[in-house]
Structures are given as C-alpha cells and as structure tokens.
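Trainee: I'd like to learn how to read a disulfide and a nonpolar core. Can you walk me through it?

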Amino acid sequence: MRISLPLLSTAVGLGLTAAVLGTGPAATAAPQAPAQAAQVGYQPAAGSGEDAAANRAFFEAVIRSVAEKRAAAPSSAAAVTVYYSTTGAPSFRTQISRSTQIWNSSVSNVRLAERSSGADFSYREGNDSRGSYASTDGHGRGYIFLDYRQNQQYNSTRVTAHETGHVLGLPDHYSGPCSELMSGGGPGTSCTNAYPNAAERSRVNQLWVNGFTAALDKALEKSSRR
C-alpha cells in the first residue's frame, strides 16, 4: 500500500502489469481523488518516507473519528470499536467479513464492527489502475478502495486484510515475507496468507492502548472548546 502525502485522501496502489485472470464485476469508476491526499497501496512502490507519513495521516483520520464519538458518548469498555460500512463494496462483502473476523480474533484492544450509517471508515470497489488502497477523504474520515483486477490476481482476503491493517495503524513493509500481512504484494501472487504475525498483532494492540488515549484526549479538548 502506497501513500502520497498531504494529509488526507486518495491512493497509491497496485498498478497491475500482469494479465488479469478473468473479468471483474461491471466496471465502476474509481472515486475521484480530492486535491490533497494520503494513500496507502498494496503494491511495492517508491517513496517509503511518503508512505510512512500517509499511513500516519490515514490512521489519525480514523482514530480521530472514533475518539470524537467516544467524547460525545463515553464508554467504559476496554476495547475500542471502529465502525465500518460495506455499502460501497457489495461484491466484497465476503472478503471484508472474513478480514474483519481475522483482525477481531487477532487483537484485543480494538474491534471492527459493521454499521450502515455513521461509520468511521468505509469500503469501496471499482476499477483503478493504481490497484487497491487505503485513503483518507480529507475530512477526518477514511476509506478502503478494492480494485477488481488486483483482487483477481492476488488473494482477495489477503488484500482486504492488508488494507484494513492500515486502518489499525500498520505501515507497509513490502520486503517482508509472506507470513507478514503488511508485506502486501511484495511476496508475489502466490502468497495467500491473510493473518497478521505476532509482531503485527502486538503493534496494533499497543497503538490502540496508547495511541487511542492520546487521540481521545485531543477530541475531549476540542469538544470542551465548543
């Protein structure tokens, strides 16, 4: 997953150079990228420094949305719930459900749950030469775009789980092995692992203990000024 700086919105992804295995669902125009954007794609690409900055922007956009909801309605629950919407990606509901099940069974400090309205981020689908990616929309929210062709060439559940990893704060690491979920398309099309390894699980749990506390403090501070 690749990322192009200015804080919020768009994508860099997997420009497919290999033949497509069949035809995807009816062609749908990819969402137009706002003028400024932060993006993370599934395919190895240049600009690791920018990728890191964009990943932080995307994670911060999602966590800010969650923090503001908690500030408005505090909860005593230890785990943080992040809500997502699949209305924009009906063809990938199975893969999305599977990837969120994987994450929910892998980490304890954050939980992913579907919600039809008021979600913290959404999934979208269509055709895009850049492939699949995670992006912010420029307004404190994020979305994951799932490209038809890329999901035919690579294992679709792995692609979806990888992109969802960006929502939870994980950066790309294309040079990693197949056992590392955030290595994305680096290991090639034969890699089908859709599970985060121990280090990735630990990192997400750490982020959603310490990182969320900081984000919640900011949200509370913001709301107190109103």
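Mentor: A disulfide is a pair of cysteine sulfur atoms within 2.5 Å. By that rule there is 1 disulfide here, and it joins Cys178 to Cys191, with S to S 2.0 Å. This is a predicted model, where local features need pLDDT of at least 70, side-chain atom pairs count only at pLDDT 80 or more, and totals for chains, interfaces and linings use all residues. Residues are numbered from 1 along each chain as its sequence is written, and side-chain values use heavy atoms, leaving out hydrogens and water.

Trainee: Why is the disulfide of Cys178 and Cys191 called right-handed?

Mentor: Look at the torsion about the S-S bond: it is about 90 degrees, so the disulfide is right-handed. Both Cys178 and Cys191 lie in the loop between helix 4 (156–167) and helix 5 (198–224), so the pair ties together parts that are 13 residues apart in sequence. Helices here are DSSP runs of H or I with at least four residues, strands are E runs of at least two, and both are numbered from the N terminus.

Trainee: Is Cys191 buried or exposed?

Mentor: Buried means under 20% relative accessible area, exposed over 50%, and partly exposed in between (1.4 Å probe, protein chains only). Cys191 is buried at 4%, while Cys178, at 27%, counts as partly exposed.

Trainee: And which residues have the most contacts inside the largest nonpolar core?

Mentor: A nonpolar core is a set of buried Ala, Val, Leu, Ile, Met, Phe, Trp, Tyr and Cys residues joined through side-chain atoms within 4.5 Å. The largest one has 35 residues, and Val82, Trp103, Phe121 and Trp208 have the most contacts inside it. Helix 1 gives the largest share, 5 residues.
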